[in-house]
Amino acid sequence: MVDAASPEPVLVFGSLPPEGRDLDLLARPAAEKAIADALAGQGLLRRGAQWAFFGQGKAFGIELVPAESWRLPAAELERLFAEATPLPGARMLVEPAPHHALLIAARKGGGRLDAKLRTRVARQLERDSGAWDAAGASARPWHAERALAGLRRAYERPVEQAPTRTRLRGLRSALATAGSGHVISLSGLDGAGKSSQAEAVAQGLAELGIPAAVLWTPFASNRSLRLLAAPVKRLLGRKSADSGEPPSLVARPGSDRAGGGPLGACVAHGWATVVAVTNGLAQRRASLPHLLRGRIVIFDRYTLDSAVHLRYLYGESRRFRFQNALIGALSPKPLRAYFLDVPPETVVSRKPIQYELDHVRRQARLYREEHERRGVTRLDGERPREDLSAEILADVWSAL
């Protein structure tokens, strides 16, 4: 499509698919406009110079870079396109000459060399054994003399050597992305498809070069809670489970009246507070290492699920405003939050042994009440998996 749309040569300066996870294009004004119009006409989403396609369970990115943004002298820019060679079977898509490919790699990586770039450099030297010298002759107008020299030293150095300077560059790169991560949350009944959607979204982001991690933090499952559970249950007039853990979400729904009179009500409120703090801290502790590395953290159940769990376990008529405020304050704020809504009957049909329909209906009602109160985006969880993941991916990518 890009090849057909462009009225003049367009430089492909990155790895081609399938090795490359996206398509990097350098275009002059006429080609840039024509390609942008074609991409928009095909329904691709735009974010600055980046375009993305979501569908069929896949994600694919295109970076359409204006040629003038490279700030090359006019003569050098003309040489870059004039000396490029057409890609096999293409009309307007071209790849840079070997010496220009080395200059592009040097400028882009600042002289650093990883395994992927080493392979690309080797390919250019196979195309032209004199590429280093030719690149050196043009390095000054490209403002790439130091970067090119660094890239050549790194390439000619034995692979097993890892000098301190290279490690420091890696550390600086890690620090540059520190704290730039975001949280995406998927909530809903067990069996709604949260886990499969979380994995699909993570895979799609990875295909666009965006690192992501999928996390799941169980509600009210903590060693300290297990130690406290037995005496609390006695105060509430409940029988302690053999495991000493708080009651499970489905097997032991909470009633609207705490046992033990006023004392039981106070203990129930206090216990719900302890559970809320533990849950919020667990979500922060699990996500923080990934967020500091600039990753997207996709939670398979999050604060909406916690709000539903609190009401289902400890009193459906209560709002637990204080406890929910604690969870919200302790948990990182999500960039996007989604509620996968499925009928209770669907859940029971997917997991007939695990769930009783009456219990699931009560949970479903709580989810629908709480998601509206919290402004969480509702999605139809019965839609085809690939269609749903494409919608979530498009929304998340646009928000980043």
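A residue counts as buried here when its relative accessible area is under 20%. Keep that cut-off in mind as you walk through this predicted model.

**Stop one: a covered helix.** Select residues 303–314, which make up helix α12. Of its 12 residues, 11 are buried. Colour them in your viewer: Leu304, Asp305, Ser306, Ala307, Val308, His309, Leu310, Arg311, Tyr312, Leu313 and Tyr314.

**Stop two: a sheet.** Next, show the five strands that form an open, parallel sheet in the order β9-β10-β8-β11-β12. Look at its edges, β9 (212–215) and β12 (377–380): each has a single partner strand, so one side of each is left without a neighbour in the sheet. Direction ignored, neighbouring strands are turned by 25° against each other on average. Zoom in on β9 and β10 (residues 296–300), which pair in the parallel sense over four bridges. Here you can find Ala213 opposite Val297 in β10.

Finally, move to the second largest pocket, which holds about 420 Å³ of space. Its lining has 21 residues, and those closest to the centre are Gly14, Ser15, Leu16, Arg120 and Arg123. Which helix gives the most to this lining? Select α5 (115–127): with eight residues, α5 gives the most. α4 (98–109) also supplies at least two. Colour the lining by type and you will see 11 nonpolar, four polar and six charged residues.

Notes: Residues are numbered from 1 along each chain as its sequence is written. This is a predicted model: local features need pLDDT of at least 70, side-chain atom pairs count only at pLDDT 80 or more; totals for chains, interfaces and linings use all residues. Side-chain values use heavy atoms; hydrogens and water are left out. The expected span of a helix is 1.5 Å times one less than its number of residues. Buried means under 20% relative accessible area, exposed over 50%, partly exposed in between (1.4 Å probe, protein chains only). On a 1 Å grid over the protein atoms alone, a cavity is a set of points where a 1.4 Å probe fits but cannot get out, and a pocket is an open set with protein on both sides within 12 Å along at least five of seven lines; lining residues have an atom within 4 Å of a point. Grid points are joined across faces, edges and corners, and a volume is the space filled by probe spheres set on the points. Ala, Val, Leu, Ile, Met, Phe, Trp, Tyr, Cys and Pro count as nonpolar, Asp, Glu, Lys and Arg as charged, and the others, Gly among them, as polar. Two strands pair if DSSP finds at least two bridges between them. Axes are lines fitted to C-alpha atoms, for helices over the stretch in contact, and angles run from 0 to 180 degrees between N-to-C directions.
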